[in-house]
Amino acid sequence: MLLLSALRQAPARLDLHLPAHGRGRGLAPGLRRLLRRRPGGWDLPELPEIGGPLEPAGAVAADQAECARLCGADRCWFGVNGASGMLQVALLALARPGERVLLPRNLHRSLLHACVLGGLRPVLFDLPFDPATGLWLPPTPAWLQQRLEQSPPLAALVLVHPTYQGLAGDLPGLIAEAHRRGLPVLVDEAHGAHFGQPGLPMGAMAAGADLVVQSLHKSAGGLAQSAALLLRRGRVSEEAIERSLLWLQTSSPSALLLASAAAAFAHRHSPAGARGLCLALTRANRLRQALEAVSLPLAANQDPLRLVFHAAALGINGLAADAWLLQRGVIAELPEPGCLTFCLGERPPRRALRLLPAQLKQLRQALGGAPLPCFSSPPIPALMEPELTPGEAWRLPQQTLPLEQALERLAAEPICPYPPGIPLLIPGERIDGARLEWLREQRRLWPGQIADTVTVVA
C-alpha cells in the first residue's frame, strides 16, 4: 500500500513544517514512551478506568481537570477531530440558530461549517493589511471598537491569536472591547498552545478569553488531530459545550489521541518542558540571527518558532521559492505570494542553522531580483454580512462559471487558496466588480491555487 510505504520511509530532508513535534523529535516524553510499547496495545475503548471527554470519572476526566488547572481554565475538554472540530463545538455553544457571530476575515473555514450546521449568520470584519508582505495583521482594540460599533446585534466574537505566521496583537485589549458590550469571546489559539511561557506573548486564557481552542500538534508536542477546548466560567454555558461535543465528536475517541493531549499539556507545564522550550527558542533565535547576518529578509512576528521568510523583498514569489526548495529537500509549511513560513517546532533541527541559510542564499542567487511590487489589499468593506447565509448558499442549486462571468453572482462555495482553510470569499457573498478584478489578480499570484472557475448560486 502506498500510504504505508510512504510512512515507513524517512527521506533525508530538512522538515520545517507541522506537526510541531518534527517527526517525533519533540513529542511529549510520556507519549514517546507509550508509542515504544507493543503496537496497538494502547488502542482501547472507553473502558471504566479510561472514560472519555464527556464522562464524569476515569483517567480522561482526571487529566482534563488537571489540564484546566495548569492552563488557568475552569474546564478543559480533549478532542480528536483537531482544532477544527473544537472550533465548531465552541461556536455552536455560543449562538442559537438565526443569531449573528462576528468573525475576522482570517477565520478558519471550520467556523463557516459551524455556521451552516447551526444556522448562524456570520458577520465578517476586515483586518489591517501589510502591502509589503501581503499578510493580514492583527487588529488593534481601536480597529475592533469601530467594527463593533457598526455591527448589528451579536451573540459572540471570534478572534485568531496568533495567526498562522505567528503574528499576535493586543489580545487583552481586544477581549476587553467585546466584554464591555457583554459579548463572549472565542479565541482560535490553534497556533499558540505554547503562548504564555517565558519569552512568548500572553496566552488567550490569561488574556481573559471565555473559550480557547488549541491544536496540540500545531504548537505543542501532541499527535495530529489532538486538540483541547478551554472554558472560563461566567459567559458560556458548560451544558451547551457538552451538548455540542455530543453532536460533533465521535462516540469512539482514540485513547491514543486523548493521551496525546494530556501528555502534551503535562510536558508543556513541567520543568523538562520549560527547558525544552528554552532550547527551542535559543535555536530559533540563532537561526534568525544567522539569516539576518547574510541579509536574508524576514517578516516581523511575535512567535520565534515561526520563521517568515520575506521572499517578495528579494523579487521572488513565495510559491516559486517553495517549489525551488522542495526540489532540494527543504520542506516549508506555508507558501504565499510574498512570504514563505517555516515551522521550527518543539525541537528545531540542529542542521537547520547550517542548511537553511545556505539554501536561501542559493535561492536568492538563482531566482532573486528587484523587490516585487506591493500587494493590493482585498476590496472588502469594514463589516460585511453575506446576502445569503452560508447554509442557504451551500444548499441552493449551483452552477460553475468561468471567473470572468461571475460578476454580480452569489458565491456558493468558499475560495480558500491560503493558508489551508482561510477563505478569501465565503458562500453568500456577492462577487462585485472590484472583488472580481482582485480575484483575477490573485489568480496570477497564486498559480494553480485559484481556479479559472467559480461555483455560484444558480
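Reader: Let's start with serine 295: does it count as exposed or buried, and at what relative accessibility?

Author: Happy to, and please keep in mind that this is a predicted model. Serine 295 is found in the loop between α10 (271-293) and β11. The cut-off for exposed is over 50% relative accessible area. Serine 295 passes that cut-off, so the class is exposed, at 55%.

Reader: What is the phi of serine 295, roughly?

Author: Most residues other than glycine have a negative phi. Serine 295 is not a glycine, yet its phi is positive, at about 60 degrees.

Reader: Which salt bridge partner does aspartate 15 have?

Author: Aspartate 15 has a relative accessible area of 12%, so it counts as buried. With the closest N and O atoms 3.0 Å apart, the partner is arginine 23.

Reader: Which strands stand at the edges of the eight-stranded sheet?

Author: The sheet is open, its pairing is mixed, and the order is β2-β10-β9-β8-β7-β3-β4-β15. A strand with a single partner has one side left without a neighbour in the sheet, so the edges are β2 (75-79) and β15 (383-384).

Reader: What is the bridge partner of phenylalanine 78 in β10?

Author: β2 and β10 (residues 227-231) run antiparallel and are joined by five bridges. Within this pairing, phenylalanine 78 has as its partner alanine 228.

Reader: Which helix packs on that sheet, touching β2?

Author: The helix in question also touches β9 (211-215) and β10. Its direction makes about 130 degrees with that of β2, and its name is α9 (residues 255-268).

Reader: In the three-stranded sheet, which residue of β14 stands opposite phenylalanine 309?

Author: This open sheet has the order β11-β14-β13 with antiparallel pairing. β11 (306-309) and β13 (334-335) each have a single partner strand, so they stand at the edges. Four bridges join β11 to β14 (residues 340-343), and in β14 phenylalanine 309 stands opposite leucine 340.

Reader: How many residues lie between β13 and β14 in their hairpin?

Author: β13 and β14 pair in the antiparallel sense over two bridges, with proline 335 opposite leucine 340. The number of residues between these two strands of the hairpin is four.

Reader: Are the side chains of β14 buried or exposed?

Author: Leu340 and Phe342 point one way from the strand, while Thr341 and Cys343 point the other way. For both directions the answer is that they are buried.

Reader: How many residues apart in sequence are the parts tied together by arginine 147 and aspartate 126?

Author: The two form a salt bridge, with the closest N and O atoms 2.9 Å apart. Arginine 147 lies in helix α6 (residues 141-150) and aspartate 126 in the loop between β4 (121-125) and β5 (129-130), so the parts they tie together are apart by 21 residues. Both partners count as buried: aspartate 126 at 11% and arginine 147 at 7%.

Reader: Which residues form the nonpolar surface patch with about 350 Å² of accessible area?

Author: One member lies in helix α8 (residues 238-248), namely tryptophan 247. Tryptophan 247 is exposed, with a relative accessible area of 55%. Together the patch is made up of Leu54, Leu246 and Trp247.

How values were computed:
Residues are numbered from 1 along each chain as its sequence is written. This is a predicted model: local features need pLDDT of at least 70, side-chain atom pairs count only at pLDDT 80 or more; totals for chains, interfaces and linings use all residues. Side-chain values use heavy atoms; hydrogens and water are left out. Two strands pair if DSSP finds at least two bridges between them. Contact means heavy atoms within 4.5 Å. Axes are lines fitted to C-alpha atoms, for helices over the stretch in contact, and angles run from 0 to 180 degrees between N-to-C directions. Patches are made of residues with over 30% relative accessible area and no salt bridge: like charges are joined within 9 Å, nonpolar side chains (Val, Leu, Ile, Met, Phe, Trp, Tyr) within 5 Å. Accessible areas come from the Shrake-Rupley method with a 1.4 Å probe; for residues, only the protein chains shown count as cover. A salt bridge is a side-chain nitrogen of Lys or Arg within 4 Å of a carboxyl oxygen of Asp or Glu. Buried means under 20% relative accessible area, exposed over 50%, partly exposed in between (1.4 Å probe, protein chains only).
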